[in-house]
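These are my notebook entries on one protein model. I set down what I looked up and what I found.

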Amino acid sequence: DRWFELQPKGSRGDETAPTLAYYESADTAQAGGQAVAKGLVALNKDALLVPAAAGDKVHPHAFSITSQAEEDASPVTTLLAAASEEERTRWVTAIARAIRSCQPQPERTAKFQPASKEEAVLYQKSALQLRLLLEYMSIPASRFRGAEEDKPRLVALVMQGRVARKMAAAAADTAEAVEERV
């Protein structure tokens with residue numbers, strides 16, 4: 001058994017791709033921060049993750065990663081096995097997310113066409129300003145998780161929040177008018 005540690009993109013102080021480091025044991029990996037990995041599996045944009053690698057009777061929860069680091073002469077396939085199906089799913093999900101972090105993001109901002117002057121004004125704000133505005137509007141962060149830098153999505157959420165507030169105010173006004181008549 002080896003100990004594996006998923007290291008996110010840039011974890012080594014530069015913009016390197018994420019890696020899956022492996023050690024002889026958990027004790028070796030946690031040796032006061034001085035541990036040197038026995039090996040690294042590159043999780044760059046060209047890495048191929050096969051979530052359901054054919055496991056055998058000894059390793060029924062296996063999966064594989066085929067990747068090629070800059071120093072590798074050819075692609076390397078690493079076969080891994082988890083202790084359970086649940087653990088395998090967690091690893092595959094985390095590794096897939098790490099590989100996706102290296103994929104070029106589609107340029108969505110060039111396609112954005114504001115539908116109103118209000119949207120155009122919002123789109124001039126930075127993503128940070130839009131996130132702060134959403135927080136100020138009491139829109140839960142879970143609504144824009146994963147879209148922190150996606151300005152069209154953030155603008156849409158602000159617009160939705162404003163429409164919801166206007167509808168709530170109109171409903172309150174209507175309720176007041178009904179109460180006054182009664």
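Entry 1, the cover of helix H2. I looked up what lies over the buried residues of H2, and the cover includes strand S1 (3-7), strand S2 (19-23), S4 and S5. I took helices (H or I, at least four residues) and strands (E, at least two) as DSSP runs, numbered from the N terminus. Contact means heavy atoms within 4.5 Å. Buried means under 20% relative accessible area, exposed over 50%, and partly exposed in between (1.4 Å probe, protein chains only). The model is predicted: local features need pLDDT of at least 70 and side-chain atom pairs count only at pLDDT 80 or more, while totals for chains, interfaces and linings use all residues. Residues are numbered from 1 along each chain as its sequence is written, and side-chain values use heavy atoms, with hydrogens and water left out.

Which residues of H2 are buried? I noted Arg88, Val92, Ile95, Ala98 and Ile99. Seen down the axis of H2, these buried residues fall within an arc of 125°, so they line one face of the helix. The arc is that of the directions from the helix axis to the C-beta atoms. I recalled the general rule that an α-helix has 3.6 residues a turn, so residues three or four places apart point the same way. On the face turned away from the buried side of H2, I found the exposed residues Glu86 and Arg97.

Helix H2 has 16 residues and reaches 22 Å from its first C-alpha to its last, close to the 22 Å expected at 1.5 Å a residue. The expected span is 1.5 Å times one less than the number of residues.

I traced an open sheet of three strands in the order S1-S2-S3, with antiparallel pairing. Two strands pair if DSSP finds at least two bridges between them. S1 and S3 stand at the edges with a single partner strand each, so one side of each is left without a neighbour in the sheet. Neighbouring strands of this sheet are turned by 25° against each other on average, direction ignored. Five bridges join S1 to S2, and four join S2 to S3. Tryptophan 3 stands opposite tyrosine 23 in S2, and glutamate 5 has alanine 21 of S2 as its bridge partner. Threonine 19 stands opposite alanine 42 in S3. S2 is mostly covered, with four of its five residues buried.

Six bridges join S5 (residues 62-67) to S6. One partner pair is alanine 62 with alanine 81 in S6.

Is alanine 47 buried or exposed? Alanine 47 is buried, with a relative accessible area of 12%. This residue lies in the loop between strand S3 (39-42) and S4. Not counting residues up to four places away in sequence, alanine 47 touches Ala42, Thr66, Ser67 and Ile99.

A nonpolar core is a set of buried Ala, Val, Leu, Ile, Met, Phe, Trp, Tyr and Cys residues joined through side-chain atoms within 4.5 Å. The largest has 13 residues, of which Leu122, Leu130, Leu134, Val155 and Val158 touch the most other members. Helix H3 (117-123), helix H4 (127-136) and helix H5 (151-181) each give two or more residues to this core. H5 gives the most, with five residues. Apart from it lies another core of twelve residues, among them Leu20, Val41, Val92 and Ile99.

I counted five helices and six strands in the protein chain. Buried residues make up 29% of its 182 residues.

Terms used:
Axes fitted to C-alpha atoms, helices over the stretch in contact; angles between N-to-C directions.
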